[in-house]
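User: Could you walk me through this model and show the criteria behind each label you use?

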Amino acid sequence: MKNTASVHDAGTALVSRPALDQRLRFIRPTLPSLDEVLSVYRQGYSQGLLTNGEVVGRFEAAVAERLGVKYCIAVSSCTSGLMLAAKALGLRGEVILPSFTFFATGHAALWNGLTPVFADCDPETWTLDPTDVSRKITERTSAIMGVHMYGNPCFTEELEDLAARRGVKLIFDGAHALGSVHGGRPIGQFGDAEVFSLTPTKLLVAGEGGLVTTNDAILAHKIRAGRNYGDLGTYDPELLGLSARMPEFNAALGLVGLDILDHKIARHNEIAARYTAALSRVRGLRFQKIRAGDLCTFKDYSVLVDAAEYGMSRDELAVALLAENIETKKYFYPPLHRQHLYGSFYDATHDGLAHTNLISDTVLSFPIYESLQDEIVDAITSTVRRLAK
Ligand SMILES: *Cc1c(COP(=O)(O)O)cnc(C)c1O
(Lines give C-alpha, C1' and ligand atoms only; values in the text may rest on other atoms or scores of the structure.)
Protein backbone atom coordinates (compact mmCIF):
# COMPACT_ATOMS: atom_id res chain seq x y z
CA MET A 1 0.00 0.00 0.00
CA LYS A 2 1.22 3.45 -0.90
CA ASN A 3 1.22 6.01 1.88
CA THR A 4 1.21 9.10 -0.27
CA ALA A 5 0.30 12.28 1.49
CA SER A 6 -1.30 15.00 -0.54
CA VAL A 7 -2.32 17.92 1.59
CA HIS A 8 -5.73 19.27 0.68
CA ASP A 9 -5.63 22.73 -0.85
CA ALA A 10 -8.90 24.45 0.03
CA GLY A 11 -8.20 27.35 -2.33
CA THR A 12 -8.18 25.43 -5.60
CA ALA A 13 -9.98 22.14 -5.10
CA LEU A 14 -13.56 22.03 -6.31
CA VAL A 15 -14.22 18.81 -4.45
CA SER A 16 -12.19 18.57 -1.26
CA ARG A 17 -9.75 15.70 -1.28
CA PRO A 18 -8.67 13.89 1.87
CA ALA A 19 -5.26 14.66 3.34
CA LEU A 20 -4.09 11.14 2.49
CA ASP A 21 -5.17 9.57 -0.78
CA GLN A 22 -5.62 6.14 0.78
CA ARG A 23 -6.76 4.91 4.15
CA LEU A 24 -3.73 4.79 6.43
CA ARG A 25 -3.56 1.64 8.51
CA PHE A 26 -3.42 2.34 12.23
CA ILE A 27 -0.88 -0.39 12.89
CA ARG A 28 1.56 -2.30 10.71
CA PRO A 29 4.01 -4.49 12.62
CA THR A 30 7.59 -4.82 11.39
CA LEU A 31 8.55 -8.47 11.56
CA PRO A 32 12.01 -10.03 11.53
CA SER A 33 13.13 -12.05 8.53
CA LEU A 34 11.17 -15.30 8.25
CA ASP A 35 14.32 -17.13 7.14
CA GLU A 36 16.01 -16.20 10.39
CA VAL A 37 12.97 -17.29 12.37
CA LEU A 38 12.85 -20.60 10.51
CA SER A 39 16.55 -21.21 11.03
CA VAL A 40 15.90 -21.08 14.77
CA TYR A 41 12.70 -23.10 14.51
CA ARG A 42 13.77 -25.76 12.00
CA GLN A 43 15.70 -28.16 14.19
CA GLY A 44 13.00 -28.64 16.80
CA TYR A 45 10.35 -28.86 14.10
CA SER A 46 12.20 -31.63 12.30
CA GLN A 47 12.21 -33.57 15.57
CA GLY A 48 8.52 -32.96 16.12
CA LEU A 49 9.11 -30.55 19.00
CA LEU A 50 6.43 -27.92 18.51
CA THR A 51 6.07 -27.21 22.22
CA ASN A 52 8.17 -27.87 25.33
CA GLY A 53 11.32 -27.72 23.20
CA GLU A 54 14.46 -25.66 23.73
CA VAL A 55 13.63 -22.43 21.88
CA VAL A 56 11.29 -21.22 24.63
CA GLY A 57 14.13 -21.64 27.13
CA ARG A 58 16.56 -19.72 24.90
CA PHE A 59 14.04 -16.92 24.48
CA GLU A 60 13.42 -16.75 28.24
CA ALA A 61 17.17 -16.62 28.94
CA ALA A 62 17.70 -13.86 26.36
CA VAL A 63 14.91 -11.73 27.86
CA ALA A 64 16.08 -12.34 31.44
CA GLU A 65 19.57 -11.23 30.47
CA ARG A 66 18.40 -8.16 28.62
CA LEU A 67 16.16 -7.05 31.49
CA GLY A 68 18.57 -8.00 34.26
CA VAL A 69 16.13 -10.29 36.06
CA LYS A 70 16.67 -13.72 37.51
CA TYR A 71 13.63 -15.42 36.01
CA CYS A 72 11.58 -15.05 32.86
CA ILE A 73 8.70 -17.40 32.12
CA ALA A 74 7.19 -17.41 28.64
CA VAL A 75 3.45 -17.92 28.52
CA SER A 76 0.65 -17.93 25.95
CA SER A 77 -0.36 -14.29 26.47
CA CYS A 78 -0.01 -11.33 28.78
CA THR A 79 -3.52 -12.05 30.03
CA SER A 80 -2.64 -15.62 31.03
CA GLY A 81 0.61 -14.33 32.56
CA LEU A 82 -1.31 -11.85 34.71
CA MET A 83 -3.82 -14.54 35.68
CA LEU A 84 -1.02 -16.92 36.66
CA ALA A 85 0.92 -14.26 38.56
CA ALA A 86 -2.17 -13.43 40.63
CA LYS A 87 -2.86 -17.14 41.21
CA ALA A 88 0.76 -17.96 42.09
CA LEU A 89 0.90 -15.06 44.55
CA GLY A 90 -2.19 -16.47 46.27
CA LEU A 91 -4.09 -13.21 46.05
CA ARG A 92 -7.42 -12.90 47.88
CA GLY A 93 -10.01 -10.20 48.36
CA GLU A 94 -9.32 -6.88 46.68
CA VAL A 95 -6.79 -5.76 44.13
CA ILE A 96 -6.23 -2.09 43.36
CA LEU A 97 -5.72 -1.21 39.71
CA PRO A 98 -6.28 1.66 37.30
CA SER A 99 -9.56 1.92 35.44
CA PHE A 100 -7.70 3.61 32.58
CA THR A 101 -6.25 0.47 31.01
CA PHE A 102 -7.02 -2.31 28.57
CA PHE A 103 -9.64 -4.62 30.06
CA ALA A 104 -7.26 -7.62 30.15
CA THR A 105 -5.68 -6.08 33.27
CA GLY A 106 -9.03 -6.32 35.04
CA HIS A 107 -9.89 -9.73 33.58
CA ALA A 108 -6.87 -11.24 35.36
CA ALA A 109 -8.36 -10.08 38.66
CA LEU A 110 -11.88 -11.30 37.88
CA TRP A 111 -10.67 -14.73 36.73
CA ASN A 112 -9.02 -15.12 40.14
CA GLY A 113 -12.23 -14.19 41.93
CA LEU A 114 -10.65 -10.93 43.10
CA THR A 115 -12.60 -7.74 43.61
CA PRO A 116 -11.20 -4.90 41.51
CA VAL A 117 -10.91 -1.56 43.27
CA PHE A 118 -10.18 1.26 40.87
CA ALA A 119 -7.66 3.97 41.67
CA ASP A 120 -7.26 7.15 39.70
CA CYS A 121 -4.31 7.91 37.47
CA ASP A 122 -1.90 10.76 37.57
CA PRO A 123 -3.08 13.60 35.30
CA GLU A 124 0.35 14.03 33.70
CA THR A 125 1.84 10.55 33.25
CA TRP A 126 -1.58 8.82 32.95
CA THR A 127 -0.29 5.98 35.15
CA LEU A 128 -1.60 4.75 38.51
CA ASP A 129 -1.54 7.50 41.17
CA PRO A 130 0.19 6.12 44.31
CA THR A 131 -1.60 8.64 46.54
CA ASP A 132 -5.02 7.44 45.45
CA VAL A 133 -3.86 3.82 45.75
CA SER A 134 -2.76 4.52 49.30
CA ARG A 135 -6.21 5.92 50.14
CA LYS A 136 -7.89 2.78 48.79
CA ILE A 137 -5.82 0.14 50.58
CA THR A 138 -7.85 -1.67 53.25
CA GLU A 139 -7.37 -4.86 55.25
CA ARG A 140 -9.05 -6.65 52.31
CA THR A 141 -6.41 -5.52 49.80
CA SER A 142 -3.97 -8.21 48.71
CA ALA A 143 -2.29 -6.53 45.75
CA ILE A 144 -1.73 -3.49 43.59
CA MET A 145 -1.57 -3.79 39.80
CA GLY A 146 0.10 -0.94 37.96
CA VAL A 147 0.08 -0.44 34.18
CA HIS A 148 2.98 1.17 32.31
CA MET A 149 0.66 3.09 30.01
CA TYR A 150 1.92 3.05 26.39
CA GLY A 151 5.28 2.06 27.88
CA ASN A 152 5.54 5.06 30.22
CA PRO A 153 6.99 3.68 33.46
CA CYS A 154 4.70 3.79 36.49
CA PHE A 155 5.65 5.46 39.78
CA THR A 156 7.49 2.23 40.50
CA GLU A 157 9.40 3.18 43.68
CA GLU A 158 6.39 4.88 45.25
CA LEU A 159 4.25 1.82 44.55
CA GLU A 160 6.98 -0.52 45.80
CA ASP A 161 7.31 1.48 49.04
CA LEU A 162 3.55 1.48 49.50
CA ALA A 163 3.25 -2.26 48.84
CA ALA A 164 6.07 -3.02 51.28
CA ARG A 165 4.69 -0.74 54.00
CA ARG A 166 1.14 -2.07 53.72
CA GLY A 167 2.12 -5.71 53.21
CA VAL A 168 0.50 -6.21 49.81
CA LYS A 169 1.84 -7.69 46.58
CA LEU A 170 2.68 -5.62 43.52
CA ILE A 171 2.27 -6.70 39.90
CA PHE A 172 2.89 -4.58 36.83
CA ASP A 173 1.04 -5.02 33.56
CA GLY A 174 3.94 -4.23 31.27
CA ALA A 175 2.09 -5.20 28.09
CA HIS A 176 3.37 -2.00 26.45
CA ALA A 177 6.68 -1.71 28.21
CA LEU A 178 9.18 -4.30 26.99
CA GLY A 179 12.27 -2.12 26.55
CA SER A 180 11.12 0.74 28.78
CA VAL A 181 13.56 2.01 31.38
CA HIS A 182 12.98 3.82 34.66
CA GLY A 183 15.78 5.35 36.70
CA GLY A 184 18.35 3.43 34.68
CA ARG A 185 16.64 0.11 35.41
CA PRO A 186 14.75 -1.88 32.78
CA ILE A 187 11.03 -2.37 33.31
CA GLY A 188 10.77 -6.03 34.28
CA GLN A 189 12.73 -5.57 37.50
CA PHE A 190 9.98 -3.95 39.55
CA GLY A 191 7.38 -5.29 41.96
CA ASP A 192 6.83 -8.99 42.62
CA ALA A 193 6.32 -9.66 38.92
CA GLU A 194 5.97 -7.82 35.64
CA VAL A 195 4.08 -9.20 32.67
CA PHE A 196 4.64 -8.37 28.99
CA SER A 197 2.59 -8.96 25.84
CA LEU A 198 3.92 -10.10 22.48
CA THR A 199 0.85 -9.69 20.25
CA PRO A 200 1.24 -7.99 16.86
CA THR A 201 0.15 -4.59 18.22
CA LYS A 202 3.04 -4.55 20.71
CA LEU A 203 6.68 -3.79 19.88
CA LEU A 204 8.18 -7.24 20.33
CA VAL A 205 5.96 -9.58 18.33
CA ALA A 206 5.74 -13.34 18.84
CA GLY A 207 2.39 -13.73 17.08
CA GLU A 208 0.76 -14.32 20.42
CA GLY A 209 2.54 -14.64 23.71
CA GLY A 210 3.45 -13.18 27.06
CA LEU A 211 6.43 -13.03 29.40
CA VAL A 212 6.47 -12.93 33.19
CA THR A 213 9.62 -11.61 34.87
CA THR A 214 10.47 -11.88 38.56
CA ASN A 215 13.42 -12.19 40.92
CA ASP A 216 11.42 -14.46 43.24
CA ALA A 217 12.44 -18.12 42.80
CA ILE A 218 9.29 -19.55 44.39
CA LEU A 219 7.02 -17.34 42.33
CA ALA A 220 8.91 -18.29 39.16
CA HIS A 221 8.55 -21.97 40.01
CA LYS A 222 4.81 -21.61 40.57
CA ILE A 223 4.25 -19.71 37.34
CA ARG A 224 6.30 -22.28 35.43
CA ALA A 225 4.06 -24.97 36.88
CA GLY A 226 1.00 -22.79 36.38
CA ARG A 227 1.47 -22.47 32.63
CA ASN A 228 1.46 -26.31 32.49
CA TYR A 229 -1.82 -27.03 34.32
CA GLY A 230 -0.01 -26.53 37.64
CA ASP A 231 2.07 -29.66 37.10
CA LEU A 232 5.84 -29.92 36.79
CA GLY A 233 6.00 -33.64 36.29
CA THR A 234 4.56 -35.24 39.44
CA TYR A 235 1.09 -35.58 37.91
CA ASP A 236 -0.20 -33.96 41.08
CA PRO A 237 -0.69 -30.24 40.29
CA GLU A 238 0.84 -27.80 42.77
CA LEU A 239 -1.73 -25.15 41.97
CA LEU A 240 -4.75 -24.63 39.75
CA GLY A 241 -2.92 -23.93 36.52
CA LEU A 242 -3.79 -23.21 32.92
CA SER A 243 -2.71 -24.62 29.62
CA ALA A 244 -0.69 -21.52 28.79
CA ARG A 245 2.64 -22.59 27.34
CA MET A 246 4.31 -20.63 24.56
CA PRO A 247 4.74 -22.71 21.38
CA GLU A 248 8.25 -23.06 19.96
CA PHE A 249 7.43 -21.11 16.80
CA ASN A 250 6.27 -18.10 18.79
CA ALA A 251 9.42 -18.25 20.87
CA ALA A 252 11.56 -18.33 17.71
CA LEU A 253 9.73 -15.26 16.39
CA GLY A 254 10.23 -13.48 19.71
CA LEU A 255 13.88 -14.47 20.02
CA VAL A 256 14.81 -13.21 16.56
CA GLY A 257 12.61 -10.15 17.04
CA LEU A 258 14.62 -9.13 20.09
CA ASP A 259 17.38 -8.05 17.68
CA ILE A 260 15.20 -5.32 16.19
CA LEU A 261 13.52 -4.19 19.42
CA ASP A 262 15.92 -1.33 20.12
CA HIS A 263 15.53 -0.04 16.59
CA LYS A 264 11.75 -0.10 16.96
CA ILE A 265 11.84 1.73 20.27
CA ALA A 266 14.15 4.37 18.81
CA ARG A 267 11.87 4.88 15.79
CA HIS A 268 8.75 5.09 17.97
CA ASN A 269 10.51 7.75 20.04
CA GLU A 270 11.45 9.71 16.89
CA ILE A 271 7.87 9.63 15.66
CA ALA A 272 6.50 10.62 19.07
CA ALA A 273 8.92 13.56 19.22
CA ARG A 274 7.88 14.61 15.71
CA TYR A 275 4.19 14.54 16.64
CA THR A 276 4.79 16.51 19.83
CA ALA A 277 7.01 19.11 18.16
CA ALA A 278 4.39 19.77 15.50
CA LEU A 279 1.38 19.73 17.82
CA SER A 280 2.72 21.37 20.96
CA ARG A 281 1.51 24.82 19.99
CA VAL A 282 -2.00 23.72 19.00
CA ARG A 283 -4.39 25.08 21.60
CA GLY A 284 -6.39 22.46 23.43
CA LEU A 285 -4.07 19.47 23.02
CA ARG A 286 -2.30 17.91 26.02
CA PHE A 287 0.52 15.40 26.01
CA GLN A 288 1.62 12.52 28.18
CA LYS A 289 4.50 13.41 30.45
CA ILE A 290 7.50 11.09 30.35
CA ARG A 291 9.63 11.77 33.41
CA ALA A 292 13.22 12.93 32.91
CA GLY A 293 15.59 10.04 32.34
CA ASP A 294 12.83 7.53 31.61
CA LEU A 295 12.58 5.65 28.35
CA CYS A 296 9.05 5.04 27.06
CA THR A 297 8.49 2.56 24.23
CA PHE A 298 5.58 4.66 22.91
CA LYS A 299 3.63 1.53 22.11
CA ASP A 300 0.99 4.16 21.43
CA TYR A 301 1.13 7.89 20.98
CA SER A 302 -1.91 9.68 22.36
CA VAL A 303 -3.04 13.22 23.04
CA LEU A 304 -5.92 14.63 25.06
CA VAL A 305 -8.31 16.90 23.18
CA ASP A 306 -9.96 19.75 25.11
CA ALA A 307 -13.08 20.36 23.05
CA ALA A 308 -13.60 23.99 24.06
CA GLU A 309 -10.02 25.05 23.37
CA TYR A 310 -9.37 22.90 20.32
CA GLY A 311 -12.72 23.68 18.69
CA MET A 312 -14.05 20.13 18.41
CA SER A 313 -14.35 17.15 20.69
CA ARG A 314 -12.12 14.09 20.61
CA ASP A 315 -14.93 12.15 18.91
CA GLU A 316 -15.48 14.87 16.32
CA LEU A 317 -11.75 15.01 15.64
CA ALA A 318 -11.63 11.23 15.17
CA VAL A 319 -14.46 11.44 12.61
CA ALA A 320 -12.85 14.38 10.84
CA LEU A 321 -9.51 12.60 10.63
CA LEU A 322 -11.11 9.45 9.27
CA ALA A 323 -12.62 11.55 6.48
CA GLU A 324 -9.01 12.52 5.72
CA ASN A 325 -8.11 8.78 5.60
CA ILE A 326 -6.35 8.98 8.96
CA GLU A 327 -7.45 6.22 11.29
CA THR A 328 -7.12 6.82 15.03
CA LYS A 329 -8.02 4.83 18.15
CA LYS A 330 -9.34 5.76 21.56
CA TYR A 331 -6.86 3.90 23.77
CA PHE A 332 -8.46 3.30 26.26
CA TYR A 333 -12.10 4.25 26.15
CA PRO A 334 -14.37 3.69 27.94
CA PRO A 335 -12.48 3.14 31.20
CA LEU A 336 -13.08 -0.18 32.96
CA HIS A 337 -15.46 1.21 35.58
CA ARG A 338 -17.84 2.24 32.78
CA GLN A 339 -17.84 -1.20 31.10
CA HIS A 340 -20.57 -3.68 32.00
CA LEU A 341 -18.25 -6.33 33.43
CA TYR A 342 -16.79 -3.81 35.86
CA GLY A 343 -19.48 -1.24 36.58
CA SER A 344 -20.77 -3.05 39.67
CA PHE A 345 -17.35 -2.76 41.32
CA TYR A 346 -17.41 1.01 41.10
CA ASP A 347 -18.97 3.26 43.69
CA ALA A 348 -19.12 6.80 42.36
CA THR A 349 -19.46 8.38 45.79
CA HIS A 350 -16.24 6.88 47.12
CA ASP A 351 -14.15 6.04 44.14
CA GLY A 352 -13.87 9.44 42.41
CA LEU A 353 -11.97 8.79 39.20
CA ALA A 354 -11.89 12.36 37.90
CA HIS A 355 -8.58 12.15 36.04
CA THR A 356 -9.41 8.72 34.64
CA ASN A 357 -12.71 10.00 33.24
CA LEU A 358 -11.13 13.11 31.78
CA ILE A 359 -8.26 11.23 30.16
CA SER A 360 -10.38 8.41 28.79
CA ASP A 361 -13.07 10.78 27.49
CA THR A 362 -10.60 12.96 25.61
CA VAL A 363 -7.78 10.60 24.59
CA LEU A 364 -6.99 10.02 20.94
CA SER A 365 -4.20 7.74 19.69
CA PHE A 366 -2.42 8.41 16.41
CA PRO A 367 -0.72 5.86 14.16
CA ILE A 368 2.78 4.99 15.31
CA TYR A 369 4.90 2.19 13.87
CA GLU A 370 8.42 1.79 12.59
CA SER A 371 7.68 2.03 8.89
CA LEU A 372 5.48 5.11 9.22
CA GLN A 373 7.24 7.76 7.16
CA ASP A 374 7.96 11.27 8.43
CA GLU A 375 5.89 12.76 5.58
CA ILE A 376 2.83 10.89 6.76
CA VAL A 377 3.38 12.06 10.34
CA ASP A 378 3.66 15.60 8.96
CA ALA A 379 0.47 15.19 6.93
CA ILE A 380 -1.33 14.02 10.06
CA THR A 381 -0.07 16.88 12.21
CA SER A 382 -0.84 19.51 9.61
CA THR A 383 -4.36 18.10 9.29
CA VAL A 384 -4.81 18.25 13.08
CA ARG A 385 -3.57 21.86 13.00
CA ARG A 386 -5.85 22.79 10.12
CA LEU A 387 -8.89 21.29 11.86
CA ALA A 388 -8.25 23.31 15.03
CA LYS A 389 -10.40 26.33 15.82
C1 LIG B 1 -2.43 -5.92 24.94
C2 LIG B 1 -2.65 -5.74 26.39
C3 LIG B 1 -2.87 -6.82 27.27
C4 LIG B 1 -3.16 -8.19 26.78
O5 LIG B 1 -2.14 -8.80 26.11
P6 LIG B 1 -2.38 -10.26 25.49
O7 LIG B 1 -0.99 -10.73 25.22
O8 LIG B 1 -3.18 -10.07 24.26
O9 LIG B 1 -3.08 -11.08 26.51
C10 LIG B 1 -2.91 -6.59 28.63
N11 LIG B 1 -2.79 -5.34 29.12
C12 LIG B 1 -2.62 -4.27 28.33
C13 LIG B 1 -2.49 -2.93 28.96
C14 LIG B 1 -2.58 -4.43 26.94
O15 LIG B 1 -2.47 -3.36 26.14
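User: Which residues lie nearest the centre of the largest pocket, and how many residues line it?

Analyst: Happy to start there. This is a predicted model, so local features need pLDDT of at least 70 and side-chain atom pairs count only at pLDDT 80 or more, while totals for chains, interfaces and linings use all residues. Residues are numbered from 1 along each chain as its sequence is written, and side-chain values use heavy atoms, with hydrogens and water left out. The largest pocket is lined by 23 residues, and Phe102, Ala175, His176, Thr201 and Lys202 lie nearest its centre.

User: What makes a space a pocket, and what volume does the largest pocket have?

Analyst: On a 1 Å grid over the protein atoms alone, a pocket is an open set of points with protein on both sides within 12 Å along at least five of seven lines, whereas a cavity is a set where a 1.4 Å probe fits but cannot get out; lining residues have an atom within 4 Å of a point. Points are joined across faces, edges and corners, and the volume is the space filled by probe spheres set on them. For the largest pocket that gives about 310 Å³.

User: Which elements and domains contribute to the lining of the largest pocket?

Analyst: The elements that give two or more residues are α3 (78-88) and α4 (103-111), and α3 has the largest share, 3 residues. Helices here are DSSP runs (H or I, at least four residues), numbered from the N terminus. At least three lining residues come from each of domain 1 (34-260) and domain 2 (261-388), with bounds from an automatic or database domain assignment.

User: Why is Val377 called buried?

Analyst: Buried means under 20% relative accessible area, exposed over 50%, and partly exposed in between (1.4 Å probe, protein chains only). Val377 has a relative accessible area of 0%, so it is buried. This residue lies in helix α14 (residues 374-387). Leaving aside residues up to four places away in sequence, Val377 touches Ile271, Arg274, Tyr275 and Leu372, where contact means heavy atoms within 4.5 Å.

User: How do you know that helix α8 is largely enclosed by the rest of the structure?

Analyst: In helix α8 (residues 248-257), 9 of the 10 residues are buried, so the helix is largely enclosed. The cover over those buried residues includes α1 (34-46), α2 (55-67) and α9 (261-279).

User: Why is the pairing of Arg224 with Glu60 called a salt bridge?

Analyst: The term asks for a side-chain nitrogen of Lys or Arg within 4 Å of a carboxyl oxygen of Asp or Glu. In this pair the closest N and O atoms are 3.3 Å apart, and Arg224 does form a salt bridge with Glu60. Arg224 lies in helix α7 (residues 217-226) and Glu60 in helix α2, so the pair ties together parts that are 164 residues apart in sequence.

User: What is the other salt bridge of Glu60 with Arg227, and are these two residues buried or exposed?

Analyst: The side chains of Glu60 and Arg227 meet in a salt bridge at 2.8 Å, N to O. Arg227 sits in the loop between α7 and α8, 167 residues from Glu60. Glu60 is buried at 7%, and Arg227 counts as buried at 13%. Arg224, at 26%, is partly exposed.

User: What separates Arg135 and Asp132 along helix α5?

Analyst: They are 3 residues apart in helix α5 (residues 130-136), so about one helical turn separates them. Arg135 is exposed at 60%, whereas Asp132 counts as buried at 5%.
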